Amino acid sequence: MRYIEPHAHMVSRTTDDYERMAMAGCEAICEPAFWAGFDRSAVEGFADYFSQLTEHEPKRAAKFGIKHFCWLCINSKEAEDVKLAEEVIALIPKFLDRTNVLGIGEIGLNKNSKNELRVLEMQVELAAKYNQLILVHTPHLEDKLKGTKLILDVLKNDKRIRPERVIIDHVEEHTVEMVLDAGMWTGMTLYPETKCTPARAIDILETYGNERLWLNSACDWGISDPLAVPKTALEMKRRGHLAKVVEKVIFENPKKFLLQSPNFKL
Ligand SMILES: [Zn+2]
């Protein structure tokens, strides 16, 4: 088995996780910029984080034969402070020419607030200006449907944004169809408790097909499983999916989307 982990927060994981992922067949990991589990107090905290994502983490991954890529942004959980968000957004272009940067992400909404929406629009503008791919985080639980609709409206209203260059992550049963209908890609996040379990994710792909869809673990500093993608691949095999279908979902699909960035190389 070989696979790509298209969404993992490796700065929060141990070298044991890298080793286990490598042994399971992981060839590349993509790390969106996200919340650290606490709010950073100043723009300098983000500058250090972006250096960690573009300089240090690729070296850690390389020790296990895994390619490491990243996405840059200020996440929605820290977007209430619009002034700080403006400072972080002004910093990002300096990092965009680093060799492992794939685009702007994970931007999106958390509580669907006015300030979050404003910062989302600023970062869509940034992506359009610099012709970057976009990775979107959608809100949790009861905020997800409304938040996904708001995000799709922002993206569709900007005619510079090509839908095939956008991935909307953490989709669930009630949001997957509207994203596919908009021509964008969908990411299904495999969590032990919330978001999608492996069984639910496979139900969804059996219902909606396996085009423009990828699986990820979104493993971070909380309860999450860095091996969720290969475990779901095993479950697909157990349900009778052919090996080439499994490979399409866990390797070929993310590769196809990510190759739209000139920086993505296996
Ligand atoms: Zn994430």
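Buried means under 20% relative accessible area, exposed over 50%, and partly exposed in between, with a 1.4 Å probe and protein chains only. Helices (H or I, at least four residues) and strands (E, at least two) are DSSP runs, numbered from the N terminus.

## Basis of the model

This is a predicted model: local features need pLDDT of at least 70, side-chain atom pairs count only at pLDDT 80 or more, and totals for chains, interfaces and linings use all residues. Residues are numbered from 1 along each chain as its sequence is written, and side-chain values use heavy atoms, with hydrogens and water left out.

## Helix 4

Helix 4 covers residues 114-129, 16 residues in all. From first C-alpha to last it reaches 23 Å, close to the 22 Å expected at 1.5 Å a residue. The expected span is 1.5 Å times one less than the number of residues.

The buried residues of helix 4 are Glu116, Val119, Leu120, Gln123, Val124, Leu126, Ala127 and Ala128. Their cover includes helix 3 (82-91), strand 4, strand 5 and helix 5. Contact here means heavy atoms within 4.5 Å. Just after helix 4, Asn131 takes a positive phi of about 50°.

## The zinc site

Three residues coordinate the zinc ion: His7 through NE2, His9 through NE2 and Glu106 through OE. The distances are 2.0 to 2.1 Å. Donors are N, O and S atoms within 2.8 Å of the metal (3.2 Å for Na, K and Ca); water is not among the atoms, so sites may look incomplete.

The donor residues are spaced H-x1-H-x96-E in sequence. Both His7 and His9 are buried. Glu106 lies in strand 4 (residues 101-108). A cis peptide bond joins Gly105 to Glu106, with omega about -5°.

## Backbone exceptions

Most residues other than glycine have a negative phi, and most peptide bonds are trans. Leu141 has a positive phi, near 45°. Leu141 sits in the loop between strand 5 (133-137) and helix 5 (144-157). The side of the cut-off is clear: Leu141 counts as exposed because its relative accessibility is 57%.

His170 also has a positive phi, about 60°, although it is not a glycine. His170 is placed in the loop between strand 6 (166-169) and helix 6 (176-181). At 2% relative accessibility, His170 counts as buried.

## Salt bridges

A salt bridge is a side-chain nitrogen of Lys or Arg within 4 Å of a carboxyl oxygen of Asp or Glu. By this rule the count comes to 22. One of them pairs Asp17 with Arg13, the closest N and O atoms being 2.8 Å apart. Asp17 and Arg13 are both buried.

Another joins Arg200 to Glu172, with the closest N and O atoms 3.3 Å apart. This pair links distant parts of the chain, 28 residues apart. Arg200 is in helix 7 (residues 198-208), and Glu172 is in the loop between strand 6 and helix 6. Arg200 is partly exposed, at 26% relative accessible area. Glu172 counts as buried, at 11% relative accessibility.

Lys231 and Asp225 meet in a salt bridge at 2.8 Å, N to O. Lys231 counts as partly exposed at 45% relative accessibility, and Asp225 as buried at 17%. Elsewhere, salt bridges that share partners join Asp203, Glu206, Glu235, Arg238 and Arg239 into one network.
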